[in-house]
Amino acid sequence: MPTVDHTPARLVVLVSGSGTNLQALLDACEDPAFGAKVVAVGADRFDVEGLARAERAGIPTFVKQLSQHDSRDAWDLALRRAVAGFEPDLVVLAGFMKLVSADFLEAFEHRVVNTHPALSPSFPGVRGPADALEYGVKVTGCTLFVVDAGVDTGQIIAQSVVEVLDDDTVESLHERIKVAERAMLVDAVGRMCREGWSVEGRRVRIG
Ligand code: GRF
């Protein structure tokens, strides 16, 4: 079972984009009572706002771009080594748009978590808000899960429900989901870091 070996717990956050989920974690970590600190932020591309947010907060960053490596395995190994160098208790994929390998997940077993802007197991993949809107569901939301080999299929840590409004567009719905997603992420990551967590079969228990 994963253990939290540091106080405060060490978070490595991986991003690909605007990094509002990262920002929510950075803000929460300012309170010592939160029990965690972001020790590094990694990305799979340069020039993203997520990296700029980390730099403004004085947090070390690294970029591992797939195109700069000979193979996907080489990229994944470089990413794994960079993450491992920061000795994370928890690796948070916060809008990170690449799949990591089984070797990566084994290196940080049950310590890699991801947020998805839909209520798993519905609407996996990159079109979560669009697929929910198209299907016509009346509620959707977000899911924090332990990453496994599938796409958005890992054990569920936390979920939050968001109502779909009649006039929603994909953008308006995703923006409202992101508000719920940030709150869910901060709450669950904080509790995991302060209380620990265990994974048994499909069930995740915090504390
Ligand atoms: C989030 O909704 C995340 O779940 C999805 O992309 C969005 C990333 O937002 N995969 P941000 O980069 O944290 O602002």
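Figure 1. G19 counts as buried because its relative accessibility is 7% (buried means under 20% relative accessible area, exposed over 50%, and partly exposed in between, with a 1.4 Å probe and protein chains only). This is a predicted model, in which local features need pLDDT of at least 70 and side-chain atom pairs count only at pLDDT 80 or more, while totals for chains, interfaces and linings use all residues. Residues are numbered from 1 along each chain as its sequence is written, and side-chain values use heavy atoms, with hydrogens and water left out. G19 sits in the loop between β1 (9–15) and α1 (20–29), and T20 belongs to helix α1 (helices, H or I with at least four residues, and strands, E with at least two, are DSSP runs numbered from the N terminus). Leaving aside neighbours within four places in sequence, G19 is in contact with G50 and R53 (contact means heavy atoms within 4.5 Å). With residues up to four places away in sequence not counted, T20 touches R53, K178 and R182.

Figure 2. In an unreviewed entry, UniProt lists G19, T20 and N21 under "binding site". Of these residues, G19, T20 and N21 are included in the lining of the largest pocket. UniProt positions are given in the numbering used here, feature names are shortened, and annotations may be inferred rather than shown by experiment. Pockets are found on a 1 Å grid over the protein atoms alone: a cavity is a set of points where a 1.4 Å probe fits but cannot get out, and a pocket is an open set with protein on both sides within 12 Å along at least five of seven lines; lining residues have an atom within 4 Å of a point.

Figure 3. R72 is placed in helix α3 (residues 72–84) and counts as partly exposed, at 40% relative accessibility. Its contacts, apart from neighbours within four places in sequence, are L66, K98 and L99. K98 lies in the loop between β4 (90–93) and α4 (102–107). Not counting residues up to four places away in sequence, K98 touches D44, R45, L66, R72 and W75. The side chains of K98 and D44 are joined by a polar contact of 2.8 Å (a pair of N or O atoms within 3.5 Å; within protein, one must be able to donate a hydrogen and the other to accept it, and residues adjacent in sequence count only if both atoms are side-chain atoms).

Figure 4. Most residues other than glycine have a negative phi, and most peptide bonds are trans. The peptide bond from T7 to P8 is cis, with omega near -5 degrees, and P8 lies in the segment before β1. S120 and P121 are also joined by a cis peptide bond, with omega about 10 degrees; P121 is in the loop between β5 (112–116) and α5 (128–135). E87, which is not a glycine, has a positive phi of about 45 degrees and lies in the loop between α3 and β4. H110 has a positive phi near 60 degrees and is found in the loop between α4 and β5. At 21% relative accessibility, H110 counts as partly exposed.
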